[in-house]
Amino acid sequence: MPKGGSKDRVVLSRRSLLAGGVGLALVAGVCGGLVANALDTTAPSSSSSAQAAACQATTIARDVLPSVVTITVRKGSSGGTGSGEVITAGGDILTNNHVIALAASGGTITVVFDDGRTAPARLVGRDALTDVAVIRVTGVGRLRPIAIGTSAKVKVGEPVVVLGAPLGLSSTVTSGIVSALDRTVEVPGESAQSALLIDAIQTDAPINPGNSGGAMVDCAGRFIGMPSAGATVPTSSGEASPGSIGLGFAIPADLAIDEAHEIIATGRVAHAYLGLVAAPVSPEAASVSGVAEGLVVKALDPGGPAQAA
């Protein structure tokens, strides 16, 4: 775990998770029933300090939205929508695995660009464990790859802007700050397995279904994270409350881009494998048993690297 970061591990259930594509029927229903809220455009008295603490979202929208796409996936009567960003001039687009999961079993992918153009896409490769995937469009001109920053220099409290297609509403821009760093977020994955968002960036910028796979950028418009999950608070009936509660998580750009390049080169992501089962030794347990804090090995996989070592 990087120094100075939070070591908290967050586990989100399917009920509390707003991650990935939202069903097409839901998109149509929500878009058809949007409620217009009154907007107070009067600047607050402390506007100068508020503006100093936020990015110039209008400039970022102009410069970055041409690199952000809406992704629609269909398989039979099932479908969903999510977001992505162009990362190469050759048409490679980075997104979340859970956005395009249907395409891995015979579904189709359609990409909608900010200027309204549409194009079919094919799956290049994906990694279910870390929820990263790459798709590719061909024969599309005037592609503008997103400017790549680094998540290594991101600081808690700095302003960020999130771009994507929440609830299927393409080219949506929201803003907020980095609330925390180095979160390990466990989200529902495929085949009853979990996916892990490693060293995730926590933000209060609204992240809703459909934002997944989009872009979190800094004030210079550089890609620093991929919004992938948002938490909700269950209601008294046990259902998740609608909308963002200001608790979202993004995969750091350094990890997402490294994995994207590996997928482009090989079609997959290789993960280190030790072949052991370990459990943490808490400070309390370490004090009682007179051992150091850390991990205790509980079991070895037969024939695995740990057993050989």
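This is a predicted model: local features need pLDDT of at least 70, side-chain atom pairs count only at pLDDT 80 or more; totals for chains, interfaces and linings use all residues.
Numbering starts from 1 along each chain as its sequence is written, and side-chain values use heavy atoms, with hydrogens and water left out.

**View 1. Six strands close into a barrel.** Helices (H or I, at least four residues) and strands (E, at least two) are DSSP runs numbered from the N terminus, and two strands pair if DSSP finds at least two bridges between them.

**View 2. Strand β4 pairs with strand β7.** Four antiparallel bridges connect β4 (residues 92–95) and β7 (residues 132–136). Here you can find L94 opposite V134 in β7. Helix α5 (residues 253–266) lies across β4, β6 (118–127) and β7, and runs at about 50° to β7. For such angles, axes are lines fitted to C-alpha atoms, for helices over the stretch in contact, and the angles run from 0 to 180 degrees between N-to-C directions.

**View 3. The largest cavity holds about 50 Å³ of space.** A cavity is a set of points on a 1 Å grid over the protein atoms alone where a 1.4 Å probe fits but cannot get out, and lining residues have an atom within 4 Å of a point. Grid points are joined across faces, edges and corners, and the volume is the space filled by probe spheres set on the points. Searching the whole structure gives one cavity of 30 Å³ or more. Among the lining residues of the largest cavity are L65, F113, D114 and S171. Strand β2 (residues 68–75) gives the largest share of this lining, three residues.

**View 4. A disulfide joins C55 to C219.** The S to S distance is 2.0 Å; a disulfide is a pair of cysteine sulfur atoms within 2.5 Å. C55 sits in the loop between α2 (47–52) and α3 (57–64), and C219 in the loop between β11 (215–217) and β12 (223–230), 164 residues apart. The link is left-handed, with -80° about the S-S bond.

**View 5. A306 touches L274, G275, L276 and L300.** Contact means heavy atoms within 4.5 Å, and residues up to four places away in sequence are not counted here. The C-alpha atoms of A306 and G275 are separated by 5.5 Å, although the two are 31 residues apart along the chain.

Definitions and conventions
On a 1 Å grid over the protein atoms alone, a cavity is a set of points where a 1.4 Å probe fits but cannot get out, and a pocket is an open set with protein on both sides within 12 Å along at least five of seven lines; lining residues have an atom within 4 Å of a point.
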